Amino acid sequence: MTETRIYSELTEIFHDVFMRGDIVLRPDMTADDVEGWDSFKMIEIIMGAEEKYGIKFSTKELDGLGSVGDLVQAIAAKAA
Amino acid sequence: MASDLALADSDLLGAAASAAKEGRTDEALRLLGEARLNSPSAPGGYLEAGKLLRAAKRPGEAEAMFLEGLRRCPKRLELLIEYAWVSHYASAWPEALERWRAVDDEFPWHPAGSVGVGRVLFALKRFDEAEDHLARALERFPSDPHMSVTFAQVAAARHEWRVALERWDVALDLRPGDQSAVAGRGVALWQVQLEAENAAGAEAGDGGPAQRVPHGPVRIERAADPQAAALVKGFESLGENCEFGLVQRRFGAEPLGLLRWTYTSPESLARLLEARFAGLGEADAVSLHRTHWKEYFLKDGRFGVTFHTWLTQDVADEEAFRVKQAARLRWLRDKLLADLGEGGKVFVYKAHHGATEAEIGRVAAALRAYGPNTLFCVSLADAPGAVGKVEKRGDGFLRGYLSRLNPTREGQWDIPFDEWLALCRQAADMVEAAAPATAAP
């Protein structure tokens, strides 16, 4: 599972959660960069990722995610 | 001779008081023992020794001392009161009720017994009896501030918010600035306003009342403090309301948490924990409501917990939204259960007025049943010196004290953020010091 593929699939999840098609994910992207990205949206993103990749994150792992790049790397590690 | 003994007693009692003030408890107790030997029928030696023992967290010895004093000096008001307090502080309610009734029967001209009986009936949730008893007692003691506060608490416990509001006003007239009355009035005012809003909304066809909806939007200015953010992020809020969630927001922490944005009474929380949250968030138990400021709220009918969604824009398909939000609750529930099972986390519960020690103790025990978790229960300080203190109440159970709770008397939010931060720092240090039994956040 390459990170490139994860970025592509995660983009679809973001578009679905925010109901916008113009979001372009970057490794350094954070909640401050996307209007309306609050903890509720975060839950939807994580739920989408868990369902997509058949993985589970602990709250400790989630608390440690600071950026989209962190999320992609975490998915890559769990889905490997 | 008798006057010499009285002087001697007075000197001994005075010396004991000085020793106690300087922290020399054993010396103080020794002097009080001498006073009792000299004057076995004088109450002072028993009374002061009993109080000292209670303060030194030796309740069994304190009780024995008061009992001995009552045996030697029957029907002494001060001893009867202290004897009742022993069982009251231990939450031994049937015993406490009997002892306060004895005070009331023996000294009907003094309010202490009546207040004690009222408080115990309240603690036992025998609200109808408490109401009747206090109403009669207030005819005898209309200016007793303690009785007024308990009378207001009974109305609040019965959800008679307009009555509670009137009674809090009376309590505050008697003792302006009483913080528990200030906090109680704030909650009652908020509930009265909510009832009015819901009634107006129901008339306008807004979709029905949202029960126990916490509050409107609260804007928080964030402080850039990464260390504070890391600290408060390590705690998880279990309610009672959104106050600690807003503290976390203030310092830039936005952790996920099932109960971070809820109203959860102590009883609901205890039931949730004891039931292992079974059934929480199931779609058939979750209803959707909307407030006058257009925010959607969820209510879990099984446990009586209300959840913010923070969403105010119209949703095209409210049923689909409801089902989705129920799924979100179940997801958060599962994460919380995993954390509880893993143990080692510190959970914050902000206990508003009226939460009894027994209720909080039940929550602590239920939390501990999952593993080595810590309950950090924060409530209103009952004395100015208690503000900012954190004390250990048992394994995995800490108590902390604030100068005020929110919402305030006027239904506004004026959160003491720095006090909260200081409490969290102390709690984190205490938990770390107690590791590995309870891991630090």
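In the predicted model, the secondary structure of chain A consists of 4 helices and 0 strands, so that, by the assignment used, its elements read α-α-α-α from the N terminus on. Of the 80 residues in chain A, 45% are buried. When contacts in chain A between residues at least 6 apart in sequence are considered, 49% of them join residues at least 24 apart.

In chain B, the packing of two helices can be described in some detail. The axes of helix α14 (residues 266–274) of chain B and helix α16 (residues 357–368) of chain B come within 9 Å and cross at roughly 20 degrees. Because angles under 35 degrees count as roughly parallel, α14(B) is roughly parallel to α16(B). The crossing of α14(B) and α16(B) is left-handed. On the side of α14(B), the residues in contact are Pro266(B), Glu267(B), Leu269(B), Ala270(B), Arg271(B), Leu273(B) and Glu274(B), and these meet Glu359(B), Arg362(B), Val363(B), Ala366(B) and Leu367(B) in α16(B).

Ser87(B) has a relative accessible area of 4%, and since buried means under 20%, Ser87(B) is counted as buried. The side chain of Ser87(B) reaches the backbone oxygen of Ala84(B) at 3.0 Å. Apart from neighbours within four places in sequence, Ser87(B) is in contact with Ala92(B), Glu95(B), Ala96(B) and Arg99(B).

Two lysines of chain B show positive phi values. For Lys57(B), a residue other than glycine, phi is near 60 degrees; Lys57(B) is located in the loop between α3 (44–55) and α4 (59–72) of chain B. Lys75(B), likewise not a glycine, has a positive phi of about 60 degrees and lies in the loop between α4 and α5 of chain B. With exposed meaning over 50% relative accessible area, Lys57(B) is exposed at 70%, and Lys75(B) also counts as exposed at 56%.

A further backbone feature of chain B concerns the peptide bond from Gly239(B) to Glu240(B), which is cis, with omega near 0 degrees. Glu240(B) is found in the loop between β1 (235–237) and α13 (243–250) of chain B.

As to cysteines, the structure holds 0 disulfides over all chains. Cys242(B) is buried, with a relative accessible area of 0%, and Cys377(B) is buried, with a relative accessible area of 0%.

Conventions. Residues numbered from 1 in each chain as written. Chains lettered and ligands numbered in written order. Heavy atoms only, no water. Disulfide = S-S within 2.5 Å. Buried < 20%, exposed > 50% of the residue type's maximum accessible area, 1.4 Å probe, protein only. Polar contact = N/O pair within 3.5 Å; in protein donor to acceptor, adjacent residues only side chain to side chain. Contact = heavy atoms within 4.5 Å. Axes fitted to C-alpha atoms, helices over the stretch in contact; angles between N-to-C directions. Parallel < 35°, antiparallel > 145°, perpendicular 65-115°, else oblique. Left-handed = near helix turned anticlockwise from the far one by under 90°.
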